[in-house]
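This briefing goes through a single protein model, from the overall fold to individual contacts. Please keep the sequence and the 3D view at hand while reading.

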Amino acid sequence: MNNERNELFKTGAPLPERFSKYFIGQAYLQPLTDKGGPIANVTFEPGCRNNWHIHHKGGQILLCTEGRGWYQAWGEEPQELHPGDVVNIPPEIKHWHGAAKKSWFAHLAVEVPAEGASNEWLEAVSDEEYNKL
């Protein structure tokens, strides 16, 4: 495991419990701005991933900044992520994202503003699913 990191943005604090309960492993949150729509740096320790979830109405954009990670939309093949990758997640798409097993991973999470936007957290990504990556 490579513990050497190339942080573009501060790692931030461990996720508050209201979010961490929807993650397997440890992730960190560093809010950057709430102007025009919230943007935060989310950093995942190796092997950390969030549960399947849906952004209702507004969607989300991931701007990958560090390490190696994964994104998967429901019913689609997983997509490996690297610094410089951009993932546009339309509203109403069930998906998950997180770090590769042996790499830290960070992305800027951009919430697309929309009236009535919300986030619905769903089931965890099973170890069986994740270990196939």
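Is Glu80 buried, partly exposed or exposed? At 33% relative accessibility, Glu80 counts as partly exposed; buried means under 20% relative accessible area, exposed over 50%, and partly exposed in between (1.4 Å probe, protein chains only).

The model is predicted: local features need pLDDT of at least 70, side-chain atom pairs count only at pLDDT 80 or more, and totals for chains, interfaces and linings use all residues. Residues are numbered from 1 along each chain as its sequence is written, and side-chain values use heavy atoms, with hydrogens and water left out.

**Overall dimensions and content**

- The protein contains 2 helices and 13 strands; helices (H or I, at least four residues) and strands (E, at least two) are DSSP runs, numbered from the N terminus.
- A compact globule of 133 residues would have a radius of gyration near 14 Å, and the value of 14 Å for the protein agrees with this. The radius is taken over C-alpha atoms, and the globule rule is 2.2 Å times the number of residues to the power 0.38.
- Along the principal axes, the C-alpha atoms fill a box of roughly 45 × 30 × 30 Å.
- Of the 133 residues, 39% count as buried.
- The accessible surface is about 7200 Å², and carbon and sulfur atoms account for 51% of that surface. Accessible areas come from the Shrake-Rupley method with a 1.4 Å probe; for residues, only the protein chains shown count as cover.
- Among contacts between residues at least 6 apart in sequence, 70% join residues at least 24 apart, where contact means heavy atoms within 4.5 Å.

**The open sheet**

- An open sheet is formed by 6 strands in the order S1-S3-S4-S12-S7-S10, with antiparallel pairing. Two strands pair if DSSP finds at least two bridges between them.
- Strands S1 (13-14) and S10 (86-89) stand at the edges with a single partner strand each, so one side of each has no neighbour in the sheet.
- Strand S4 (residues 39-44) pairs with strand S12 (residues 105-111) in the antiparallel sense over 6 bridges. Across this pairing, Asn41 stands opposite Leu108, and Thr43 has Ala106 as its bridge partner in S12.
- S4 also pairs with S3 in the antiparallel sense over 6 bridges, and there Gln30 stands opposite Asn41.
- S4 is mostly covered, with 5 of its 6 residues buried.
- In a regular strand the side chains alternate between the two faces of the sheet.

**The S3-S4 hairpin**

- S3 and S4 form a hairpin with 5 residues between them, and Gly36 in the turn has a positive phi of about 80 degrees.
- Gly36 is exposed, with a relative accessible area of 71%.
- The C-alpha atoms of Gly36 and Val112 are 8.7 Å apart, although 76 residues separate the two in sequence.

**Salt bridges**

- A salt bridge is a side-chain nitrogen of Lys or Arg within 4 Å of a carboxyl oxygen of Asp or Glu; by this rule there are 4.
- Asp127 and Arg49 form one of them, with their closest N and O atoms 2.7 Å apart. This pair links distant parts of the chain, 78 residues apart: Asp127 is in helix H2 (residues 127-131) and Arg49 in strand S5 (residues 49-50). Arg49 is buried, at 3% relative accessible area.
- Arg68 and Glu80 meet in another, at 3.1 Å from N to O. Arg68 lies in the loop between strand S7 (60-67) and strand S8 (69-73), and Glu80 lies in strand S9 (residues 79-81), 12 residues apart. Arg68 is partly exposed, at 29%.
- Lys35 forms a salt bridge with Asp34, the closest N and O atoms being 3.7 Å apart. Lys35 is exposed at 67% relative accessible area, and Asp34 is exposed at 57%.

**A buried glutamate and a nonpolar patch**

- Glu66, in strand S7, counts as buried at 6% relative accessibility. Leaving aside neighbours within four places in sequence, Glu66 is in contact with Arg5, Asn6, Glu7, Pro83, Trp104, Phe105 and Ala106.
- Leu8, Phe9 and Leu32 form a nonpolar surface patch with about 270 Å² of accessible area together. Patches are made of residues with over 30% relative accessible area and no salt bridge; like charges are joined within 9 Å, and nonpolar side chains (Val, Leu, Ile, Met, Phe, Trp, Tyr) within 5 Å.
- Leu32 lies in strand S3 (residues 27-33) and is partly exposed, at 37% relative accessibility.
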